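Please look over the model below. This report walks through its helix contacts and its sheet.

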Amino acid sequence: MSTRGVRQVILDTETTGLACEQGHRVIEIGCLEIVNRRVSGKTLHFYLNPERHIDEAATEIHGLTWDDLRDKPRFRDVVDELLGFIDGAEVIIHNAPFDVAFLEAELQRCERDCRFDQCCIAVIDTLALARELHPGKRNSLDALCERYGVSNAHRKLHGALLDAELLAEVYLAMTRGQDSFEIALDSGPGFGAVALADGDWPPAGLVVLPATAAELEMHEATLARIEKENRLVPLWRRVPAPDPEPMELVAAPA
């Protein structure tokens, strides 16, 4: 599904503990806007007074204590600004059921008669998406940063806005090619050229993963088997080599 022209908001939260049904609360919200698959630079960030203690195990993850948050606004103080920011947007969350459950519990405390997904166009769970793309592999945010070449060396503790910024890079890398490229196969001089729909090349943050020698050897063996079993030259050996200039891929610096 194309996301061109769709406003998207990457969202992350930090909480006092793991279970909202046990009364745990949201203590930090970080949002980052993407428009036409480009980070706009517009963000929304709150630290919140949870009106309760914070589990020690949670503090070890995000570093926030009750003393840090005593003078911060409560969720009910920022709810209108939050809902205004996500209005008309697809909201993208890693492990969305966790964050959405906490946010809906907060909405109920504010006596807002709506589900979180009714406050935006849709909620997209990048954890579910990653599990579809990489079944059987680790798909935590850190694992995805490593897989897609997104630097998270500065992430010593979890933070809602920092994690939203990392997730934005991961999401754009993970979904690149679904709707960003126009691939034209033609017999003309530009055969094999890959171009962005908006003409911007190379795209920011492009990660190039060249085939290894072992993979190239397996590819050649497969082509040889196809040729032998079907008595025909595989398409990959009949297509002329593309012009190297338009096909040049440049990886953005890490």
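## Where two helices meet

Phe75, Val79, Leu82 and Leu83 in helix α3 meet Leu103, Glu106 and Leu107 in helix α4. Contact here means heavy atoms within 4.5 Å. By class, this contact has six nonpolar, no polar and one charged residues. Ala, Val, Leu, Ile, Met, Phe, Trp, Tyr, Cys and Pro count as nonpolar; Asp, Glu, Lys and Arg count as charged; the others, Gly among them, are polar.

The axes of α3 and α4 (residues 96–109) come within 10 Å and cross at roughly 115°. That makes α3 roughly perpendicular to α4 (65 to 115 degrees; under 35 is roughly parallel, over 145 roughly antiparallel, the rest oblique). Axes are lines fitted to C-alpha atoms, for helices over the stretch in contact, and angles run from 0 to 180 degrees between N-to-C directions.

## How the model is read

This is a predicted model: local features need pLDDT of at least 70, side-chain atom pairs count only at pLDDT 80 or more, and totals for chains, interfaces and linings use all residues. Residues are numbered from 1 along each chain as its sequence is written, and side-chain values use heavy atoms, with hydrogens and water left out.

Helices (H or I, at least four residues) and strands (E, at least two) are DSSP runs, numbered from the N terminus.

## The sheet

Five strands form an open sheet in the order β3-β2-β1-β4-β5, with mixed pairing. Two strands pair if DSSP finds at least two bridges between them. β3 (38–47) and β5 (122–125) stand at the edges with a single partner strand each, so one side of each lacks a neighbour in the sheet. Neighbouring strands are turned by 25° against each other on average, direction ignored.

Helix α3 (residues 75–86) packs on the sheet and touches β1, β2, β3 and β4. Helix α7 (residues 160–175) also packs on the sheet, touching β1, β2, β3, β4 and β5.

## Strand β1

Which strands pair with β1? Nine bridges join β1 to β2 (residues 26–35), and these two run antiparallel. Asp12 has Gly30 in β2 as its bridge partner. β1 and β4 (residues 90–93) pair in the parallel sense over three bridges. Here Ile10 stands opposite Ile92.

Nine of the nine residues of β1 (residues 7–15) are buried, so the strand is largely enclosed by the rest of the structure. Buried means under 20% relative accessible area (1.4 Å probe, protein chains only), exposed over 50%, partly exposed in between. Both faces are covered, with Val9 and Leu11 among the buried residues on one side and Gln8 and Glu14 among those on the other.
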